[in-house]
Amino acid sequence: MRAVVRDRYGPPEVMRLEDVAVPSPRAGQVLVRVVATSVNLSDWEGLQGSPAYARFGGLFRPSRKILGSDIAGVVAGVGPGVTRFGVGDAVYGDILSMTGGFAEYAVAPERALALKPAALSFVQASTLPQSGAIAVQAVARASPGRRMLINGAGGGTGAFALQLAAAAGIHVTGVDNAAKLDFMRSLGANRVIDYRVEDYTRTGPYDLIIDLVARRSVFAYRRALAPGGTYLIVGGTMRALLRVVTIGALIGALTGRHLSVLAVKQSPEQFGQLAGCCADGSVRIHIDRVFGLDQVPEALSYVGTGQALGKVVVLIDPAADSS
Ligand SMILES: NC(=O)c1ccc[n+]([C@@H]2O[C@H](COP(=O)([O-])OP(=O)(O)OC[C@H]3O[C@@H](n4cnc5c(N)ncnc54)[C@H](OP(=O)(O)O)[C@@H]3O)[C@@H](O)[C@H]2O)c1
């Protein structure tokens, strides 16, 4: 099969398209013929090996040679003990724990997969698992009428989270670069901030801050929170993460705020409800660009350098997709 492989951490140039063996599903695993795989910032982080948590499973050399975690495709085989899926089923899911989606076939844990809603194409379904699970769990922490801010809201996760928050009657502020301000407004943001010209931590107070790209000090986050408010880091630098779980937790406790990590549960229950909203048209899937398998390095650069509005997808089998 064709797959995009890499042997070391580094820039997109370390990846190459190669012929490799089709993987075999083990117990509890499903072999998927991949039709489409969406790109997440976590792919870019896994490529670079930065932040340090992206080196999980390979400190000096990546143990996972093929990146790509948000897959949609057709079941081509099942390992022992698999009961929920059979050959020919259309499925989608997040295989972040194993990766391998930038290839014609990938193995997935059975528990990571769900049947693809018929109303969604493979390209559309591939955009949902990781971003959708984060967005659903982030917005669940706010309630109607409260002031929520999403930092990094113009990307894959933010595009879903803004729509869910607006639909729930939450007053939502989106922060991203200038090229994404109109996009965030179109998704329901009540207010938008260009992080290159305005410091959002001085624009509050907010009841809930969801940070997809944390880089600031815990004192700045604390300043932005209303009394009783919550700051949750989802992604960002290792330094920001360590500060939040140490000094941040302490400062929060002393000042009646809460600073912590949003540890996202990755499972079909988390992204399934968003898929329902996308299938009935109440949430829009915004796909900025679709690349081919031979263009994975460009696709990752496009997301990693912050150019993407919403989601980017790698279409591996165009003939099988109905979009
Ligand atoms: N906690 C968990 O359990 C968990 C699980 C899975 C994934 N994650 C993490 O969740 C995050 C999800 O990100 P995603 O896939 O939605 O990313 P994305 O699509 O790349 O969106 C991130 C956005 O943030 C913007 N940005 C960059 N620097 C910024 C700054 N300083 N201030 C404001 N905005 C900034 C980017 O644009 P520019 O670069 O142009 O500014 C981009 O529009 C990743 O960090 C991933 O590692 C966490």
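Let's start with the neighbours of Ser-38: leaving aside residues up to four places away in sequence, Ser-38 touches Asp-43, Asp-70, Ser-126, Thr-127, Lys-311, Val-312 and Val-313. Please keep in mind that we are looking at a predicted model. Ser-38 belongs to strand β3, which covers residues 29-39. Is Ser-38 buried or exposed? With a relative accessibility of 0%, Ser-38 falls under the 20% limit and therefore counts as buried.

The Ser-38 side chain reaches the backbone oxygen of Ser-126 at 2.8 Å. With Lys-311 the contact is between side chains, and the distance there is 3.3 Å.

Now over to helix α9, residues 296-304. Which residues of α9 are buried? They are Val-296, Pro-297, Ala-299, Leu-300, Tyr-302 and Val-303. And what covers them? The cover includes β1 (2-5), β3, α1, β14 (287-292) and β15 (311-315). After α9 comes Gly-306, and its phi is positive, near 75°.

How many residues surround the ligand? There are 28, and the closest are Glu-45, Asp-176, Asn-177, Lys-180 and Tyr-195. For Gly-156, a backbone N or O atom lies 2.7 Å from a ligand oxygen. For Asp-176, an N or O atom in the side chain is 2.7 Å from an oxygen of the ligand. For Val-264, a polar backbone atom is 2.9 Å from a ligand oxygen. If you take the ligand alone, it exposes 930 Å², and the protein buries 87% of that. As for where the shell comes from, the elements giving it two or more residues are α1 (41-48), α3 (129-139), α4 (156-167) and β9 (171-176).

Next stop, a loop. Val-283 sits between α8 (268-279) and β14. Although Val-283 is in a loop, this residue counts as buried because its relative accessibility is 6%. Its contacts, again without residues up to four places away in sequence, are Phe-160, Gln-163, Leu-164, Leu-274, Cys-277 and Cys-278. If you want a sense of scale, Val-283 and Thr-203 are 80 residues apart along the chain, and their C-alpha atoms are separated by 28 Å.

Finally, let's go to the surface. Leu-242, Val-245 and Val-261 form a nonpolar patch there, with about 220 Å² of accessible area together. One of the three, Val-261, is in strand β13, residues 258-261. Val-261 counts as partly exposed because its relative accessibility is 30%.

Where does the side chain of Thr-255 reach? It goes to the backbone oxygen of Ile-251, at 2.8 Å. Thr-255 has a relative accessibility of 27%, so it counts as partly exposed. And one more distance for your notes: Thr-255 and Arg-16 are 239 residues apart in sequence, and 51 Å apart in space, C-alpha to C-alpha.

That's my tour, and I'm happy to go back to any of these spots with you.

Note on methods: Residues numbered from 1 in each chain as written. Predicted model: local features only at pLDDT ≥ 70, side-chain atom pairs only at ≥ 80, totals over all residues. Heavy atoms only, no water. Buried < 20%, exposed > 50% of the residue type's maximum accessible area, 1.4 Å probe, protein only. Polar contact = N/O pair within 3.5 Å; in protein donor to acceptor, adjacent residues only side chain to side chain. Patch = residues over 30% accessible without salt bridge, like charges linked within 9 Å, V, L, I, M, F, W, Y side chains within 5 Å. Areas by Shrake-Rupley, 256 points an atom, 1.4 Å probe, with all protein chains shown as cover. Salt bridge = Lys/Arg side-chain N within 4 Å of Asp/Glu carboxyl O. Helix = DSSP H or I, 4+ residues; strand = E, 2+ residues; numbered from the N terminus. Contact = heavy atoms within 4.5 Å. Near = heavy atom within 4 Å.
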